[in-house]
Amino acid sequence: MSDQQERQPPSRRIAEELRAAIMRGDLGDGDQLPSERDLAARYATARNTAREALGILQAEGLAQAQHGRGVFVRLRRPLMRMGRDRYSRRARNETGLSPFRIEVERQGRTPHTECRSVTTVQPPAEVAQRLGLDADQEVIRRENWYFADDEPMQVGVTYIPTAVVEGSPLASEKKLGRGSIYQRFEDLGYPIARIREEVSARMPTPEEVKGLSMPPGVPVIELLHTSLDGDGRAFEVTRFVMRADVNGLDYDMPVED
């Protein structure tokens, strides 16, 4: 043992060795970590110290406690968001599914979505700017929650100018039928031709931690999506908040001269 390791608090040293085992693959996705009792015996320390070590790994997002079962290595296989292909009309026509459902099924998992509210509101300033609206113009707000294998993955809040969807299911209905939201836009004369996506990261709010069942210490990816039609008109903006521990982004695009 090095001098630096000897100077570390015992909980940090235990956490460091467990972390190294996870990174080497000795402990794989979903594997159970040694119990507090086993760690205390192995390192000749108190169970409180072993508990602190496991807590460090949970705060780093490497491990997750399951009530009554123990602490397990978190799954590190992210659900990938395919930025280039996710809005494909061909895929939508072939499957009749929304972009999220298509992605989840292609990655061998089971999708589930919930539209929890459809309301009329004044949009946030940055949303109004992207939609070319005045700050006092109202929009339809749709709040959707997304799950893979019953695990919450992300929440998306969509803002649509009332002039675009007034009198249509998008303005009032939670269930949108075959092809979901982008087929309904196309039915209204707004086919998605181009997208803009602005990506950033931050720590979650307490509400997001609770709603997305997030472990301690895990940030979120915030993605502000704007849909544009063939004439360059922006017809919807969606703010996605995605758990960074279970989501990934994959963009494949040409490089401009």
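Q: In this predicted model, which element gives the largest share of the lining of the largest cavity?
A: The largest cavity holds about 40 Å³ of space. Its lining includes L79, M80 and R81. Two elements give two or more residues to that lining, β3 and α6. The largest share, three residues, comes from β3.

Q: Which residues form the covered face of strand β3?
A: In a regular strand the side chains alternate between the two faces of the sheet. Strand β3 spans residues 79-82, and M80 and M82 make its uncovered face. The covered face is L79 and R81.

Q: Which residue in β10 stands opposite L79?
A: β3 and β10 pair in the parallel sense, over four bridges. Both L79 and N247 are among the residues that line the largest cavity. The residue opposite L79 in β10 is N247.

Q: How far apart are the closest N and O atoms of R86 and E103?
A: R86 sits in the loop between β3 and α5, and E103 sits in helix α6, 17 residues apart. R86 and E103 are both buried, and both line the largest cavity. They form a salt bridge, with the closest N and O atoms at 3.0 Å.

Q: Is R92 buried or exposed?
A: The side chains of R92 and E186 meet in a salt bridge at 2.8 Å, N to O. The pair links helix α5 to helix α9, 94 residues apart. E186 counts as partly exposed because its relative accessibility is 23%. R92 has a relative accessible area of 4%, under the 20% cut-off, so R92 is buried.

Q: Which residues join R243 in one salt-bridge network?
A: R243 meets E151 in a salt bridge of 3.2 Å, N to O. That pair links strand β9 to strand β6, 92 residues apart. At 1% relative accessibility, R243 counts as buried. Through shared partners, R243 is joined in one network with R74, R109, D149, E151 and D245.

Q: How many residues line the largest pocket?
A: This pocket holds about 550 Å³ of space. S98, R101, T113, N144 and S180 lie nearest its centre. Elements giving two or more residues to the lining include α6, β4, β5 and β6. The lining count is 27 residues.

Q: Is M253 buried or exposed?
A: M253 lies in the segment after β10. With V199 and Y251, M253 makes a nonpolar surface patch of about 280 Å². Its relative accessibility is 54%, over the 50% cut-off, so M253 counts as exposed.

Methods. Residues are numbered from 1 along each chain as its sequence is written. This is a predicted model: local features need pLDDT of at least 70, side-chain atom pairs count only at pLDDT 80 or more; totals for chains, interfaces and linings use all residues. Side-chain values use heavy atoms; hydrogens and water are left out. Patches are made of residues with over 30% relative accessible area and no salt bridge: like charges are joined within 9 Å, nonpolar side chains (Val, Leu, Ile, Met, Phe, Trp, Tyr) within 5 Å. Accessible areas come from the Shrake-Rupley method with a 1.4 Å probe; for residues, only the protein chains shown count as cover. A salt bridge is a side-chain nitrogen of Lys or Arg within 4 Å of a carboxyl oxygen of Asp or Glu. Buried means under 20% relative accessible area, exposed over 50%, partly exposed in between (1.4 Å probe, protein chains only). Two strands pair if DSSP finds at least two bridges between them. On a 1 Å grid over the protein atoms alone, a cavity is a set of points where a 1.4 Å probe fits but cannot get out, and a pocket is an open set with protein on both sides within 12 Å along at least five of seven lines; lining residues have an atom within 4 Å of a point. Grid points are joined across faces, edges and corners, and a volume is the space filled by probe spheres set on the points.
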